[in-house]
Structures are given as structure tokens and as C-alpha cells.
Amino acid sequence: MLENDNYEKFKKDVYNLAKIDLNAYKEKQMRRRINTLITKSVAKSYDEYVALLKKDKEEFEKFINFLTINVSEFYRNPDQWKILDSEVFPELIKKFGKNIKIWSAACSTGDEPYSLVMALSKHMPLTNIKIIATDIDKQVLDTARMGIYNEKSIAAVPDEMKRKYFTKVGNSYKISDEIKRRVEFKEHDLLKDPYPQGCHMIVCRNVVIYFTEEAKTEIYEKFYKALAVGGILFIGSTEQIMNYKDLGYERRKSFFFEKK
């Protein structure tokens, strides 16, 4: 147990320091994770830990990195990518033409936006593809820009894409510059920053589960506003939007929702 166990004050301190609102996360699991992290540091209390974050840049980066939950792999849940390839992309191209605006929200280490570029490359020239990819965590964005992945990360990438777009470097795999050039990475907080507008598709998978019900609804409402009419929201296999009809979406397939 931490000394001076004042989690409420700690949440305010974190907000003042990093503008991250811990109230939006499910408290029990977030608090447990933070306590584990603090125990590994030299700090004995929340106050001491905040003081440490203020003076130690490395510890601060570690904390931000820790808060953002990164479980990432290319072509995660391959069945959903098949639907994307055979139904969703052709439909979007038919509706909006070949300059489709796609936002990969909470993109983590870049696996998802790069997967989107590769999947889209079957339907249009690479030069037509532009993905906006955002995350709250500077460190994962740096990793994404670097574009080097282990074998496990790219296990689900179709063989022809692996051959075409990856180069083996030691035991790792480097994604080609022609894929990298199609993605623009930016820092973004889903809870407080303005959303890109006029998106034809928004991909945000297995992230919103960590938020409270209120925060989830707010995010899905903002996604709705950010989509063009007829645009698609693609969510993760661990998620469901219970009130999608109230928010104005129509369910297309289990993880695809259209703005009507």
C-alpha cells in the first residue's frame, strides 16, 4: 500500500502535469496498474511520484508510455480484414472515389495504419493513399515512424505483402519507405483534442474498452461527427457499441458501423 494514498489528488496532479484525465479510465484497473509502476520506482507515495515525474523526463515518458495500453499486431483479427478487403473498401471507393480519407485513431506502434495502406494498395495506387494516424503516446509514435517490427507482429501479414513491403534486418522486419510515406503520424488525445473532420473511415480498435461508459459515448459521438455521411467506423473485436442506433449509426457487420 502506498503512503498518503490520495488517488483523487494524484488524478488532479496528473491532469495538471500531462493533461491526461484519469477520471475517464476505469478506476480499479488503472489504479492497480499505476500502483505497480510506482512501486517499481523510488517513490513511496503519489506525491513523491508526481515530484519525480516533474523532475525526471525519462520517468515521465515511462509513465505516459505505461498509461497507453499497447497491444498491437498487423492484420489483427484477419477475418475482419477480409471483410474490409472484399466489401468495405470497394463500397467506400464506389461512394467516395479513390481519394479516401482514413483516420487510424489510437494507432499505437503503427501496425494498424501500415496494415491499412497495404490492404488498400490492392484497390488503388499507393500514391492515392493517405492515412492520418494518431496516438497520445510520443514513444509509440516514434516506434511507428521507425517501422521496425518483430516476427510475431507481422505473422498475419499476407505472404505477398511480406515479400513486397518488408525487408529482414537481423531478427526484425523493416517496413518499406513507400508504405511509410502514405501515413502521417500525429500526437492526439481522444478525450480532449479536436478530431479530424470529413473522414470516410475511422479505425479505432481495442482502445475504447479502457474508458468509462460516459467517455466511450463521448468518443463515439465525436467519431460520428468526424465521419462523412456514408462513412464507416471500424471497431475492435473486444468492443461493442450498445447504443449505436441512438448515436445515429447503422450496423453493417459486427464491427463496422455506418454514419447514415
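Strand 4 and strand 5 (residues 172-175) run antiparallel and are joined by four bridges. Strands here, like helices, are DSSP runs numbered from the N terminus, with at least two residues (E) for a strand and at least four (H or I) for a helix. Two strands pair if DSSP finds at least two bridges between them. Opposite Val169 stands Ser172 of strand 5. The sheet they belong to is open, has three strands in the order 3-5-4, and pairs antiparallel. Its edge strands are strand 3 and strand 4 (166-169), each of which pairs on one side only. As a reminder, strands of a sheet pair through backbone hydrogen bonds, either parallel or antiparallel.

Before I go on, the ground rules. This is a predicted model, in which local features need pLDDT of at least 70 and side-chain atom pairs count only at pLDDT 80 or more, while totals for chains, interfaces and linings use all residues. Residues are numbered from 1 along each chain as its sequence is written, and side-chain values use heavy atoms, with hydrogens and water left out.

Next, strand 10. Strand 9 (residues 249-253) pairs with strand 10 in the antiparallel sense over four bridges, and the hairpin between strand 9 and strand 10 goes through two residues. Lys253 has Phe256 of strand 10 as its bridge partner. Strand 8 (residues 227-235) also runs antiparallel to strand 10, with three bridges joining them. There, Leu233 stands opposite Phe257.

Are the residues on the two sides of strand 10 buried or exposed? Strand 10 (residues 256-259) is covered on both faces: Phe256 and Glu258 on one side, and Phe257 and Lys259 on the other, are all buried. Buried means under 20% relative accessible area, exposed means over 50%, and partly exposed lies in between, using a 1.4 Å probe and protein chains only. The charged end of Lys259 sits over the ring of Tyr224, 4.6 Å from its centre. For that call, NZ of Lys or CZ of Arg must be within 6 Å of the ring centre and within 35 degrees of the ring normal.

Now the rings. How many aromatic pairs does a search of the whole structure find? The search finds 20. Rings of Phe, Tyr and Trp (its six-membered ring) pair if their centres lie within 6.5 Å; planes under 30 degrees apart are stacked, over 60 edge-to-face, and the rest tilted. Trp103 and Tyr195 make an edge-to-face pair, 5.1 Å centre to centre with 75° between the planes. That pair links distant parts of the chain, 92 residues apart: Trp103 is in strand 1 (residues 101-104), and Tyr195 is in the loop between strand 6 (183-187) and strand 7 (199-204). Trp103 and Tyr195 are both buried.

Tyr114 and Tyr149 have ring centres 6.4 Å apart and planes at 80°, so this pair is edge-to-face. It also links distant parts of the chain, from Tyr114 in helix 6 (residues 111-120) to Tyr149 in strand 3 (residues 148-149), 35 residues apart. Tyr114 and Tyr149 are buried. Elsewhere, ring pairs link Tyr7, Phe10, Tyr46, Tyr49 and Phe63 into a cluster.

On to packing. The largest nonpolar core has 87 residues, and those touching the most other members are Phe10, Phe74, Met118, Met201, Phe223, Leu233 and Tyr249. A nonpolar core is a set of buried Ala, Val, Leu, Ile, Met, Phe, Trp, Tyr and Cys residues joined through side-chain atoms within 4.5 Å. Leaving aside neighbours within four places in sequence, Phe74 is in contact with residues including Tyr114, Met118, Tyr149, Phe166 and Ile175. Contact means heavy atoms within 4.5 Å.

Most residues other than glycine have a negative phi. Tyr75, not a glycine, has a positive phi of about 50°; Tyr75 lies in the loop between helix 4 (57-67) and helix 5 (78-96), and is buried at a relative accessible area of 8%. Ser108 has a positive phi of about 55°. Ser108 sits in the loop between strand 1 and helix 6, and counts as buried at 7% relative accessibility.

Last, cysteines. Taking a disulfide as a pair of cysteine sulfur atoms within 2.5 Å, the count comes to zero. For Cys199 the nearest cysteine sulfur, that of Cys204, is 12 Å away. Cys199 is buried at 0% relative accessibility. For Cys204 the nearest is that of Cys107, 10 Å away, and Cys204 is buried too, with a relative accessible area of 1%.
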